Amino acid sequence: MSTQNSPAEEVRIGTVKAAIWRNHVGDDGNVRYGVTFGKLYRNDDGKWQTGRSFGLNDLLVLAKLADQVHTRIHELRAESPEEDA
């Protein structure tokens with residue numbers, strides 16, 4: 001999805017997180033953004049893992065996080081007007 005190994009930014013509310021990825025498109029330098037969502041949890045060994053499944057209590061948090069990420073991507077685009085949506 002991205003041309004880099006780490007996200008441009010991460011936004012987190014509790015154990016629900018979003019990663020904003022800056023994706024370069026074509027030779028014209030236009031940039032598009034993608035987002036992945038995850039849920040942090042501890043496995044049986046006590047190590048933090050990231051899952052992709054959300055429970056009932058996560059859904060409103062996920063919606064709020066999506067709203068915040070949407071706003072942040074618009075801010076990033078405004079900071080770099082040559083970037084494309």
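Buried means under 20% relative accessible area, exposed over 50%, and partly exposed in between, with a 1.4 Å probe and protein chains only. This is a predicted model: local features need pLDDT of at least 70, side-chain atom pairs count only at pLDDT 80 or more, and totals for chains, interfaces and linings use all residues. Residues are numbered from 1 along each chain as its sequence is written, and side-chain values use heavy atoms, with hydrogens and water left out.

**View 1. Confidence along the chain.** The mean pLDDT (the predictor's confidence in each residue, from 0 to 100) is 87 for the chain. A score of at least 70 is reached by 84% of the residues. Helices (H or I, at least four residues) and strands (E, at least two) are DSSP runs, numbered from the N terminus. Among these elements, strand β1 (residues 9-13) has the highest mean, 96. Strand β2 (residues 16-25) has the lowest, 90. Where pLDDT is low, the predicted coordinates should not be read in detail.

**View 2. R72 and E9 form a salt bridge.** A salt bridge is a side-chain nitrogen of Lys or Arg within 4 Å of a carboxyl oxygen of Asp or Glu. By this rule the model has 4 salt bridges. In the R72 and E9 pair, the closest N and O atoms are 2.7 Å apart. The pair links distant parts of the chain: R72 sits in helix α1 (residues 59-79) and E9 in strand β1, 63 residues apart. R72 is buried, at 19% relative accessibility. E9 is partly exposed, at 23%.

**View 3. R72 also pairs with E75 and E79.** The N to O distance from R72 to E75 is 3.1 Å. These two residues are 3 apart in helix α1, so about one helical turn separates them. E75 is partly exposed, with a relative accessible area of 38%. For E79 and R72, the closest N and O atoms are 3.3 Å apart. E79 is exposed, at 54% relative accessibility. Salt bridges with shared partners join E9, R72, E75 and E79 into one network.

**View 4. K17 is buried without a salt bridge.** K17 lies in strand β2. Lys and Arg count as positive and Asp and Glu as negative; His and the chain ends are not counted. The nearest side chain of opposite charge to K17 is E10, 4.4 Å away. Contact means heavy atoms within 4.5 Å. Leaving aside neighbours within four places in sequence, K17 has contacts that include E10, V11, R12, F37 and L65.
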